[in-house]
Amino acid sequence: MTLTATDITTLATPNLSAAASATPRVRDLRLDFFRGIAMFIILIAHTPGNFLTLWIPARWGFSDATEMFVFCSGMASAIAFGGAFLRAGWLLGSARVFFRIWQVYWAHIGLFFAVATLMAVLTTYGDFERHYIGSLNLWKFFEDPAVPLIGLMTLTYVPNYFDILPMYMVVLAMMPIVMALQRIHTGAVFVFMGLVWLGAQDSIWGAAHFAFPAEPWSERNWFFNPFGWQLIFFTGFALMRGWIPKPPVNTVLIVLAAVIVLANIPLSNIGVRAIARDWFFVTEGQNPIIQARIALKPLIDKSDFGLLRFVQFLALAYLAWVLAGDRGDNLLARGSGLLARIWAQVLKVILKVGQQSLAVFIVSMFTARVMGFVMDLTGRSVTETLLVNLGGAMILVATAYGAGWFKSQPWRVKN
């Protein structure tokens, strides 16, 4: 049996009552699909020594899975929280958002201690050449935990590996401001987004720009600056709320988006490492592509979310949006052949992973360190690496289905 639009609606909203099922809420498949894809890419990207990282989308352009995750999270938040402001008012809508921040905060704390404990076990009880505590630069925490522990709980100590969720929390905290501004005028929202993003750009303001300290003992800031990354989050939010009109599908926009995406490739990681050094018979210091990449650094900076990352991602997202079809119709399996049946099952899995993104993300960050350790023991041949990645992907899928099962509360007595 292939996956139909009705099946997708049921999958996306498994907790509907019988009465509500008669008029199911329509959900855009593209949101869960691309969030699910981002979860698998994030797992690959965070696994130490994983050769598959050489072929993830980030290697072909300025943006990467982080943009996918944050953009789709903005869209999902517009569905999950945006409606609460309209139904229950600003105060209760804000309370709903801050409850989510509370959940994410403890997920962040739990993730840190889980990974830190794993690193401690491997370093203390394992006879390995690699120092696993040092692999995540957690020396300070284990040598003298008092100050780092206070910093961890107050988010003034944010090691690089654990920096995505703090950024997400701060961006969520901006949502009540955005919703209040929208009541005044929708244009005020975009002015706010632009001004906050400008304030985060280190290339403009230097050390005085908007940022949060990442270590009490140094001047390092959070790697993901939430004041920069809110731009892409609220772009997705605004699209889903209808504050930004749905872009039309026409040849001009498709060609423009394709040109932007293709023009980025020579300046991407693949371009600099593979194309530039092989095709230009000059010293590295005189290589025009490498020099162009250096010159563009402020515009492609990941920490503050440089403008070209935003432009390249929007172009790529538009192409993906067009290819996926209206509400993701092109993602659905067509026909009843073997390939269609296989794709229908694969699609169900990807959508489930996308729907349970927080639980899957937390597990993936822990699993990635385990995968790296396993490959330290077994080796990193093509076969070994592919098997370890397959095992990690299966853990994410199991997590998604497990989280969905618990959220369905099957122990409740049904009327």
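User: Which residues of α5 do Ala80, Phe81, Ala84, Phe85 and Ala88 in α4 meet?

Analyst: This is a predicted model, where local features need pLDDT of at least 70, side-chain atom pairs count only at pLDDT 80 or more, and totals for chains, interfaces and linings use all residues. Residues are numbered from 1 along each chain as its sequence is written, and side-chain values use heavy atoms, without hydrogens and water. Contact means heavy atoms within 4.5 Å. The α5 partners are Trp90, Leu92, Gly93, Ser94, Arg96, Val97 and Arg100.

User: How do the axes of α4 and α5 run, roughly parallel or roughly antiparallel?

Analyst: Helices are DSSP runs (H or I, at least four residues), numbered from the N terminus. Axes are lines fitted to C-alpha atoms over the stretch in contact, with angles from 0 to 180 degrees between N-to-C directions. The axes of α4 (residues 65-88) and α5 (residues 90-125) come within 6 Å and cross at roughly 155°. Angles over 145 degrees count as roughly antiparallel, so α4 and α5 are roughly antiparallel.

User: How many residues of α9 are buried?

Analyst: Buried means under 20% relative accessible area, with a 1.4 Å probe and protein chains only. Helix α9 spans residues 164-173 and is mostly covered. Its buried residues, among them Ile164 and Tyr168, pack against α4, α5, α10 (175-184), α13 (226-241) and α20 (357-378).

User: What share of the chain is buried?

Analyst: The chain has 21 helices and 0 strands. Of its 415 residues, the buried share is 47%.

Note on methods: Helices (H or I, at least four residues) and strands (E, at least two) are DSSP runs, numbered from the N terminus. Angles under 35 degrees count as roughly parallel, over 145 as roughly antiparallel, 65 to 115 as roughly perpendicular and the rest as oblique. Buried means under 20% relative accessible area, exposed over 50%, partly exposed in between (1.4 Å probe, protein chains only).
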